[in-house]
Amino acid sequence: MLLRQHPARPGGPIYFLSDAHIGTGSPEVEADKEKRLLALLDRVEAEASALVILGDLFDFWFEYRHAIPRRGFNVLARLQRLTQGGLPVDI
């Protein structure tokens, strides 16, 4: 399988992410999980040629039409920033 790659970093590392299960822990656990995940996504933004999300990023997800769930918003915003910066994110 040939993955799309960031135009500025062809041949660079490809990061794989799975089983983050955002939304399963206490507020303290979730805050720590989010902090570590955002730090990883910062590294991905700086180094990666692609990001592949293998599954279970969120533990439970409804696709709301008029609201965005609070848990996970910062992660979604960071993923948007990555894609707008040209990084391919495949699911």
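Mentor: Let us begin with arginine 81, which is found in helix H2; helices (H or I, at least four residues) and strands (E, at least two) are DSSP runs, numbered from the N terminus. The model is predicted: local features need pLDDT of at least 70, side-chain atom pairs count only at pLDDT 80 or more, and totals for chains, interfaces and linings use all residues. Residues are numbered from 1 along each chain as its sequence is written, and side-chain values use heavy atoms, with hydrogens and water left out.

Trainee: Why is arginine 81 called partly exposed?

Mentor: Buried means under 20% relative accessible area, exposed over 50%, and partly exposed in between (1.4 Å probe, protein chains only). The relative accessibility of arginine 81 is 39%, so arginine 81 counts as partly exposed.

Trainee: What makes the pairing of arginine 81 with glutamate 45 a polar contact?

Mentor: A polar contact is a pair of N or O atoms within 3.5 Å; within protein, one must be able to donate a hydrogen and the other to accept it, and residues adjacent in sequence count only if both atoms are side-chain atoms. The side chains of arginine 81 and glutamate 45 make such a contact at 2.6 Å, although the two residues are 36 apart in sequence. The side chain of arginine 81 also makes a polar contact with that of aspartate 42, at 3.5 Å.

Trainee: Why is serine 49 called buried?

Mentor: Serine 49 has a relative accessible area of 0%, and therefore it is buried. This residue lies in the loop between H1 and S2, and its side chain reaches the backbone oxygen of glycine 12 at 2.9 Å.

Trainee: What makes a group of residues a nonpolar core, and which members touch the most others in the largest one?

Mentor: A nonpolar core is a set of buried Ala, Val, Leu, Ile, Met, Phe, Trp, Tyr and Cys residues joined through side-chain atoms within 4.5 Å. The largest has 18 residues, of which Leu37, Leu51, Leu57 and Leu79 touch the most other members. H1 gives the most to this core, with 4 residues.

Trainee: How do you know that S2 and S3 pair?

Mentor: Two strands pair if DSSP finds at least two bridges between them. S2 and S3 have 2 bridges, in the parallel sense. Valine 52 has aspartate 90, in S3, as its bridge partner.
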